[in-house]
Every structure is written in C-alpha cells, then in structure tokens.
Amino acid sequence: GATDFAVRIADDTILPMKLYTSSLLGGGTNVKVSFAKDMQDAATNFEKANKKLVKALAKKDQTASSAALEDLSVALQSYRVAGRLTGPDGGGDIPSVDEIRRAACRVQGRRFEQKVKARDARLAEASSS
C-alpha cells in the first residue's frame, strides 16, 4: 500500500528527477537552462516530502502522511511545470525522431538526411536478409 509507494515508487522517482535536471545543465558543458534551478529545487522538495512520508507511515500518523503526500504532489507538479513537462502525454513537447531529423537537416544540410536514409535502408536490408 502506502509504504510500498513511499519506499519503492516515490523513492525510485527521485534519482531520475535529479539526473534529468543534471542532463539539462549540459553534463559539464556551459549550457545554461534558466528553469533547471527551479527543477532542482522541486526535486529536492520531492525528496524531503518522501522522507516525511516514510517517517509518518512508520508512526502510522495519518495527518502527517496526508500532508507529506500533498507535498509530494506539489513538488512533482512544480517540477513538471518548471521543466515544461505538462503536455498531453505527460512528457511535454518532446520532439519526435522526424522532428529531430528535420532540425538536423536545417542545421547540417541535406547531406545528413541522405546519410540517415542510407543507414535506414542498410538496416532494413540487413534485417530482411
């Protein structure tokens, strides 16, 4: 039930939230994403709320458990809003493979598109053999 959610599901959510935010910061490059700080704060708040939930569940304190769940919800929603992850699929406006290809073509020219199509043809041919 609730303990399983706190110990497994919510706890397993913390690291991906932090890793995703870290990846937005460029993984060591000097890329600056203006909303990453808000996402880091929300991930930290989510982690703190989960610790409160685990403690409240251990004490069987329904009021504290309810408050911690509300804090979890607020932190996760803040994270999603800050990261623009509120699209209809829950993933925001994550570009499709075709959109990424079109963007690469605009930047690198048609050579890139031709290389990708040639690779796709080679892969299709190899899988049909």
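1. A helix here is a DSSP run of H or I with at least four residues, numbered from the N terminus. Helix 1 covers residues 2-24 by that rule, and D4 and R8 sit 4 residues apart in it, about one helical turn. The model is predicted. Please read the points below with that in mind.

2. The D4 and R8 pair is a salt bridge. Their side chains meet at 3.2 Å, N to O. D4 has 34% relative accessibility and counts as partly exposed. R8, at 52%, counts as exposed; the cut-off for that class is over 50%.

3. The search of the whole structure returns 5 salt bridges. One of them lies in helix 2, residues 36-59, where D41 and K37 are 4 residues apart, again about one helical turn. Their side chains meet at 2.9 Å, N to O. D41 is partly exposed, with 34% relative accessibility.

4. Another salt bridge joins D120 and R119. The N to O distance is 2.8 Å. D120 is partly exposed at 27% relative accessibility. R119 is partly exposed too, at 37%.

5. Helix 2 deserves a check on its geometry. It has 24 residues. From first C-alpha to last it reaches 35 Å, close to the 34 Å expected at 1.5 Å a residue. Its buried residues are A36, M39, A42, A43, F46, A49, N50, L53, A56 and L57. Those buried residues pack against helix 1 and helix 3.

6. What happens to the backbone just after helix 2? K60 takes a positive phi there, of about 55°. K60 is a residue other than glycine. Most residues other than glycine have a negative phi. The location is a loop: K60 is found between helix 2 and helix 3, the latter spanning 62-82. K60 counts as exposed, at 74% relative accessibility.

7. Is T21 buried or exposed? T21 is buried, with 2% relative accessibility; the class needs a value under 20%. T21 lies in helix 1. A polar atom of its side chain is 2.9 Å from the backbone oxygen of M17. The side chains of T21 and Y79 are joined by a polar contact of 3.3 Å.

8. Which residues does T21 touch, leaving aside its neighbours within four places in sequence? The contacts are A36, M39, Q40 and Y79. Y79 is the partner in the 3.3 Å side-chain contact with T21.

9. Last, the surface. F5, I9 and L69 form a nonpolar patch there. Together they have about 250 Å² of accessible area. F5 has its place in helix 1. At 32% relative accessibility, F5 counts as partly exposed.

Definitions and conventions. Residues numbered from 1 in each chain as written. Predicted model: local features only at pLDDT ≥ 70, side-chain atom pairs only at ≥ 80, totals over all residues. Heavy atoms only, no water. Salt bridge = Lys/Arg side-chain N within 4 Å of Asp/Glu carboxyl O. Helix = DSSP H or I, 4+ residues; strand = E, 2+ residues; numbered from the N terminus. Buried < 20%, exposed > 50% of the residue type's maximum accessible area, 1.4 Å probe, protein only. Expected span 1.5 Å × (residues − 1). Contact = heavy atoms within 4.5 Å. Polar contact = N/O pair within 3.5 Å; in protein donor to acceptor, adjacent residues only side chain to side chain. Patch = residues over 30% accessible without salt bridge, like charges linked within 9 Å, V, L, I, M, F, W, Y side chains within 5 Å. Areas by Shrake-Rupley, 256 points an atom, 1.4 Å probe, with all protein chains shown as cover.
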